[in-house]
Amino acid sequence: MVCYLLLTLDFQLLTLDFSLSKFFGKPQAQAERNLQKLNPIMRTLLFIMTFLASVLASYAQYNRINDIPYTQTDNAYAKERCKLDVYYPTDKKDVPVVVWFHGGGIEAGSKHIDPELLDAGYCVIAANYRLLPKATIDEVLDDAAAAVAWAFKNAEKYNGSRQKIFVAGHSAGGYMLDMIGLDKHYLQKYDIDADAIAGLFPFSGQVITHYNIRKQQGIGPLQATIDQYAPLTFIRKDAPPIIIISGDRELELFGRYEEQAYFWRMLKLVGHPDVTLYEMQGFNHGDMPHPAYHVMKEHIKRLTNRE
């Protein structure tokens, strides 16, 4: 600490000497020579401290608050799982909001914020939700709707914009966001119009009835069904923009690419004006989010008219 104070004082005096040289007519070359008086060790320490200060200053522009409850309930399992983390910029206003749902087959997984979403100029909300089989699929989807409703009602507290709320998720998370974005009754319960969502980004999400719901019904993963728990049931042309992103068709789970391609085609046929399909070639189901984030960021720019 003493060395740090001495170094700081020495540097401040030399810097002051350099700055005042112009005002008092002192030769600038002499001031520069004075700056060179710092011995090599002290110059190295100064460089390290300057570098660390710049890094800390960069990170100081964001704040993170963990484990915020997004529902009011007496259910013990809901109290445990229905929490979210918020990562937001402290020096910007009206930024895009990304609500992120993790994957895990609706029966595993936990909230997280991947590095690709850090320092990106977003307010990021990562939500946990109840899981099968401890919860029903109706409770799971209700949790997803409650988390998105929380984002609409609280975005501005965290420098986000209600007009720029995007919902994204991988695998099970992609399935869930498709369900609550297309079947409007889930969000209507919370007085939110699903069409107010600025964009949906399902990363490799099922659009037939999810395989773990079918498993509860005694149906195998390769036997497709489409019922009230299938996003395909609720295709409509007036849904929010949908950017569908899949892994490589030869590496994906259970024909997931072809499933999403059919989803895309049906949305086009009903007249949806803003639906896009991407295939992340060379990436399997688990790895595909990494390149998919770049696609998502480009579309967020487009949909918010950001430079």
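This is a predicted model: local features need pLDDT of at least 70, side-chain atom pairs count only at pLDDT 80 or more; totals for chains, interfaces and linings use all residues.
Across the 307 residues of the protein, 50% count as buried. Among contacts with a separation of 6 or more, 73% join residues 24 or more positions apart.

- The buried residues of α6 are A172, G173, G174, Y175, M176, L177, D178, M179, I180, G181 and L182.
- On the sheet side, α6 lies across β3 (95-101), β5 (160-170), β6 (199-203) and β7 (242-247). Its direction is at about 135° to β5.
- Then there's helix α5: the axes of α5 (residues 137-154) and α6 (residues 172-182) come within 10 Å and cross at roughly 75°. The two helices are therefore roughly perpendicular to each other.
- Who makes that contact? From α5 it's I137, V140, L141, A144, A145 and V148, and from α6 it's Y175, M176, M179 and I180.
- Sorted by class, the contact of α5 with α6 has 10 nonpolar residues, no polar ones and no charged ones.

**The sheet**

- Eight strands make an open sheet, with mixed pairing, in the order β1-β2-β4-β3-β5-β6-β7-β8.
- The edges belong to β1 (62-69) and β8 (275-280); each has a single partner strand, so one side of each is left without a neighbour in the sheet.
- From one strand to the next, the twist averages 15°.

**Strand β2 and its two partners**

- Six of the seven residues of β2 are buried, so this strand is largely enclosed by the rest of the structure.
- With β1, strand β2 pairs in the antiparallel sense over six bridges. The bridge partner of I68 in β2 is L84.
- With β4 (residues 123-127), strand β2 (residues 83-89) also pairs in the antiparallel sense, over four bridges.
- Here L84 turns up again, standing opposite A127 in β4, while D85 stands opposite A126 in β4.
- As a reminder, strands of a sheet pair through backbone hydrogen bonds, either parallel or antiparallel.

**A168 in strand β5**

- Buried or exposed? A168, which lies in strand β5, is buried, with a relative accessible area of 0%.
- Setting aside neighbours within four places in sequence, A168 is in contact with V98, V99, W100, F101, L177, F201 and M296. Of these, L177 is one of the buried residues of α6.
- A168 and F203 sit 35 residues apart in sequence, yet their C-alpha atoms are 7.3 Å apart in space.

**Helix α9**

- Helix α9 (residues 256-269) has 14 residues and reaches 20 Å from its first C-alpha to its last. That's close to the 20 Å expected at 1.5 Å a residue.
- Which residues of α9 are buried? They are R256, Y257, E259, Q260, A261, F263 and L267.
- The cover over those buried residues includes α6, β6, α8 (211-216), β7 and β8.
- After α9 comes G271, with a positive phi near 100°.

- For context, most residues other than glycine have a negative phi, and most peptide bonds are trans.
- D67 has a positive phi, near 60°, and isn't a glycine. D67 is in strand β1 and counts as partly exposed at 43% relative accessibility.
- N159 isn't a glycine either, and its phi is positive at about 65°. It's in the loop between α5 and β5. At 9% relative accessibility, N159 falls under the 20% cut-off and so counts as buried.
- The peptide bond from L132 to P133 is cis, with omega near -5°. You'll find P133 in the loop between β4 and α5.

Conventions. Residues are numbered from 1 along each chain as its sequence is written. Side-chain values use heavy atoms; hydrogens and water are left out. Axes are lines fitted to C-alpha atoms, for helices over the stretch in contact, and angles run from 0 to 180 degrees between N-to-C directions. Angles under 35 degrees count as roughly parallel, over 145 as roughly antiparallel, 65 to 115 as roughly perpendicular and the rest as oblique. Contact means heavy atoms within 4.5 Å. Ala, Val, Leu, Ile, Met, Phe, Trp, Tyr, Cys and Pro count as nonpolar, Asp, Glu, Lys and Arg as charged, and the others, Gly among them, as polar. Two strands pair if DSSP finds at least two bridges between them. The expected span of a helix is 1.5 Å times one less than its number of residues. Buried means under 20% relative accessible area, exposed over 50%, partly exposed in between (1.4 Å probe, protein chains only).
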